[in-house]
Amino acid sequence: MLRFDYTHLSTDRVGSTHGLPLERIFAEYGARMETLVRELYASKDDVGGWKKWLNLGYDRALAESIQQYADRVRGQFTDLVVLGIGGSSLGGYALLKALLHPYWNNLPEARRQGLPRFHFVENVDGDQIHGLLDVLNLKTTLVNVISKSGTTAETMSAFMLLQARLIETFGSPEAARDHVVLTTDASSGILRQLANQHGYTAFEVPDDVGGRFSVFSAVGLLPAALCGVNIEEIQQGIRDLDAVLQNTDLRENPAAQNALFQYLFYQQGKPISVIMPYSYRLAAVSDWYVQLWAESLGKKMDRQGRVVHVGPTPVRAVGVTDQHSQVQLFNEGPFDKVFTFIQVETPEHTLTIPDAFPTVPDLAYLGNQSFHQLLNAEFESTRASLTKNMRPNATLTVPCVTPYYFGQLLYFLEVQTALAGALFQIDPFDQPGVELAKKYTYALMGRKGYEHLVEEARGGANIVTSAAV
Ligand code: PA5
């Protein structure tokens, strides 16, 4: 099971100014956290509550239908292009980066055993898209368009281009049809209409599952299955951890603990939450987490409609790389951060460093040790230095990077985020703060009905007018 070590957050380890008096906190907040965990799970099926992501690990029919499609198309495609953005892309990308060979796209076809290379298009940068089209053979490419709303300009513009190119390549929309698979809302939205009109295969983003909590729906599981990841193991991992996370006893529930600790550190003047996996394979988990934490918790209004402007700022770091980048700031900069490390206990490959320079004392100590020993030593050293410098930090330990534990890791962070939202008394499942810029983009791109915002979008309006939008 995934493990959580919070000892380096305590006053015993980082001192009374920067640490938390854990025993007092367990006693003081036990009842509140019990209520919040109970409320979260009790409301998971509420219509309009956006918590049905809590059910995804149990949806065996979902995994089966995805696997059936993946088995059916296996061997037909050399490349999978995933079009999506935000919650419709970051989780799937993190999943493939973690669970496939680290240089999967460079493997010869035989080593990929008929499974496709993968490419995520999550930007509307013409250079990126042109570059991708330059290297793709569209005749053997499958495009997975992922958008719950079906209106996201970034995703839909890329789809419009890819669809046109596919039709050009195959000569007709009918002939190109099997090269597109959609993931979208079950009943509404433009992509759903297109699926019905053009007969595209389409998977669902279930009702009441929002983008950034959708990685374990078809949003993440379809690209995973298409690239050969065992998605049933992911679900099994989630189910096994869920039994722990449903525990209403704060002392026994690590996601509730970290939600609470993060919340208390925020109140105590540490608004920055750093996530730092010591793993190349888990580096993209940081990007996924940054979106989850930021978009869920950064809010203007609380649930009572009061203006609060809350939200911890997530910062992404990767061990060991960031030891030579951000760790100077982490150790000596302002006391405004709390850290969550992710450590992998057993890597797939340890790899021994050869004893290449036995007579050079500055290098000889490295000889005959494994890269895993070095990585772990660097992790422990960085953690110890932060602790000595009174920087509170916690560690999530993943036994190994497999579908089972990957499911647990992301699910843990989802539950933690939902509970943190409850502590901040905001709605972690909406994102009203992204709407204004979207409307401005519509105005600048000439969408009908948004003409009145053109001047303002160009920066011509004053603050009072903007606030009134
Ligand atoms: O978390 C979210 O809700 C967002 O990041 C969305 O996933 C993102 O905006 C993409 O939306 P859609 O899936 O509707 O294209």
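**View 1. Helix α7 lies across β2, β3, β4 and β5 in this predicted model.** Helix α7 covers residues 153–170. Its direction is at about 155 degrees to that of β4.

**View 2. Helix α6 lies across β2 and β3.** Residues 126–135 make up this helix. Strand β2 spans 79–83. Helix α6 runs at about 160 degrees to β3.

**View 3. Five strands form an open, parallel sheet.** The strand order is β3-β2-β4-β5-β6. Strands β3 (117–121) and β6 (201–205) are the edges, and each pairs on one side only. Neighbouring strands are turned by 20 degrees against each other on average, direction ignored. Strands of a sheet pair through backbone hydrogen bonds, in parallel or antiparallel fashion.

**View 4. Strands β4 and β5 run parallel, joined by five bridges.** Strand β4 holds residues 141–147. Strand β5 holds residues 180–185. V143 has V180 as its bridge partner in β5.

**View 5. Helix α2 bends at Y29.** The helix spans residues 22–42. The bend is about 55 degrees. Y29 itself is buried.

View 6. On α2, the buried residues are L22, I25, F26, Y29, G30, M33, L36, V37, L40 and Y41. An α-helix has 3.6 residues a turn, so residues three or four places apart point the same way.

Definitions and conventions. Residues numbered from 1 in each chain as written. Predicted model: local features only at pLDDT ≥ 70, side-chain atom pairs only at ≥ 80, totals over all residues. Heavy atoms only, no water. Pairing = 2+ DSSP bridges. Helix = DSSP H or I, 4+ residues; strand = E, 2+ residues; numbered from the N terminus. Axes fitted to C-alpha atoms, helices over the stretch in contact; angles between N-to-C directions. Contact = heavy atoms within 4.5 Å. Bend = angle between axes of the 7 residues up to and from the residue. Buried < 20%, exposed > 50% of the residue type's maximum accessible area, 1.4 Å probe, protein only.
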